[in-house]
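Here is a structure to get to know. Take a look before the questions start.

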Amino acid sequence: MTALEQWLMRATRCLSQESRTKVRSEILDHYGASRDEAIGSGATLQEAEATALRALGEPAEANRLYRQSLLTSSEARLLREGNWEVRAICSRPVLRWLVLALPVAVFLAGIIALFCRSNNLAAELLLVSFCFSVLLHGPFLPIYTPLRSRIYRGFKWAALSAIFLMAAWSSGWSGSWLSLGCLWTVGWIEWRRISIRRKLPISRWPRQLHF
Amino acid sequence: MNFKGTLPTLILEALAAEPSYGYRIAQGIKERSQGVLDFKEGTLYPALHKLENEGQVESYETVENGRSRRCYRITKAGRAVLAKDRAKWRELSRAVTMILGEA
């Protein structure tokens with residue numbers, strides 16, 4: 001393995017296949033231009049290659065910076081596999097109608113509870129219907145611009161916070177660790193998505209990144 | 001010389017005159033600073049990708065001397081950022097000069 005190959009291997013560690021290909025192509029091009037210029041100014045091939053490689057700097061530093069600006073393999077996997085639930089629901093008409101109908105049914109139950117003067121139950125059911133609606137109806141809404149997606153994400157976090165507070169409130173905060181445990185996964189995935197959003201231009205965002 | 005954080009601005013400045021490719025951008029910065037800003041060239045491309053993700057530069061494929069190259073050009077948003085960075089730098093430079101005095 002040549003010194004350049006070793007440099008590339010270390011600089012592209014943990015990057016996705018697409019990112020690796022991109023880095024490889026631009027560094028090979030850069031290295032070639034740098035080497036040709038050194039040869040043109042009178043260096044031998046070995047000297048020129050050593051100069052071109054030295055000019056690239058430390059591969060570990062390049063890798064750290066690449067991981068901040070290009071998709072890593074785990075982020076690429078999250079993008080590939082992260083929306084299987086939505087695809088599964090949207091591709092099955094029965095499931096799709098069930099998901100669409102569930103918040104409406106809870107909302108109607110809340111209205112009925114309101115008419116029966118069970119105000120506490122009505123408030124809880126209406127809040128649950130709002131949360132279900134925000135979380136389940138997202139994929140069916142026309143959200144494909146940065147502004148709409150920001151607004152939707154605001155509603156989503158409001159709904160998730162409401163679910164957590166409701167669960168914690170009803171159990172007198174004794175089960176809040178359980179709710180936090182469940183929300184931790186959601187928070188982690190959302191954190192990864194924020195990182196991916198920074199790395200991809202909006203024009204290349206897949207639909208799931210808008211949610 | 002350490003010029004952490006200013007590389008994106010220097011890249012935008014290098015691209016403000018004309019579109020260019022990675023190697024030429026790096027050489028242009030080194031030459032214009034008369035070798036004072038001697039940075040590692042492997043760090044140039046992550047900065048270019050970041051600028052591209054933020055919509056400040058855009059890239060396209062071109063063929064030069066029979067070799068396929070990725071060229072970068074500054075966008076309207078990039079020019080606006082560059083103008084802001086220039087103003088900030090002048091202000092900072094003036095303030096530091098006031099404290100340290102003219103050399």
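Predicted model: local features only at pLDDT ≥ 70, side-chain atom pairs only at ≥ 80, totals over all residues.

Me: How far apart are the C-alpha centres of domain 1 and domain 2 of chain A?
Reply: Domain 1 of chain A covers 3-70. Domain 2 covers 78-210. The C-alpha centres of these two domains of chain A lie apart by 45 Å.

Me: What share of the residues in chain A is buried?
Reply: Chain A has 211 residues. Among its contacts between residues at least 6 apart in sequence, 58% join residues at least 24 apart. The buried residues of chain A make up 16%.

Me: In what order do the elements of chain B run from the N terminus on?
Reply: Chain B has four helices and three strands. Its C-alpha atoms fill a box of roughly 50 × 30 × 20 Å along the principal axes. From the N terminus on, the order in chain B is α-β-α-α-β-β-α.

Me: Which residue in the turn of the hairpin of S2(B) and S3(B) has a positive phi?
Reply: Strand S2 (residues 57-64) of chain B runs antiparallel to S3(B), and eight bridges join them. In this pair, B:Val63 stands opposite B:Ser68. Two residues lie between the strands of the hairpin. The one with a positive phi, of about 50 degrees, is B:Asn65.

Me: Which residue in S3(B) stands opposite B:Ser20?
Reply: Strand S1 of chain B consists of residues 20-21. S1 and S3(B) pair in the antiparallel sense over two bridges. Opposite B:Ser20 stands B:Tyr72.

Me: How many residues does the largest nonpolar core have?
Reply: Those with the most contacts inside this core are B:Ile11, B:Leu15, B:Leu44, B:Ala47, B:Leu48 and B:Val57. Helices H1 (7-17), H2 (22-32) and H3 (44-53) and strand S3 (67-74) of chain B each supply at least two of its residues. Apart from it lies another core, with 14 residues, including A:Ala11, A:Val23, A:Tyr31 and A:Leu56. The count for the largest nonpolar core is 20.

Me: Which residues does B:Ile11 touch, not counting residues up to four places away in sequence?
Reply: B:Ile11 is among the residues with the most contacts inside the largest core. Leaving out residues up to four places away, its partners are B:Ile25, B:Ala47, B:Leu48 and B:Leu51.

Me: Which helix gives the largest share of the side of chain A that touches chain B?
Reply: In chain A, 21 residues are in contact with 15 residues of chain B. Helices H2 (17-40), H3 (45-56), H4 (59-69) and H10 (176-199) of chain A each give two or more residues to this side. By class, the side has 10 nonpolar, five polar and six charged residues. The largest share, six residues, comes from H4(A).

Key. Residues numbered from 1 in each chain as written. Chains lettered and ligands numbered in written order. Core = buried A, V, L, I, M, F, W, Y, C linked by C-beta atoms within 7 Å. Buried ≥ 20, exposed ≤ 12 C-beta atoms within 10 Å, placed from the backbone. Contact = placed C-beta atoms within 7 Å. Domains from an automatic or database assignment. Pairing = 2+ DSSP bridges. Nonpolar A, V, L, I, M, F, W, Y, C, P; charged D, E, K, R; others polar.
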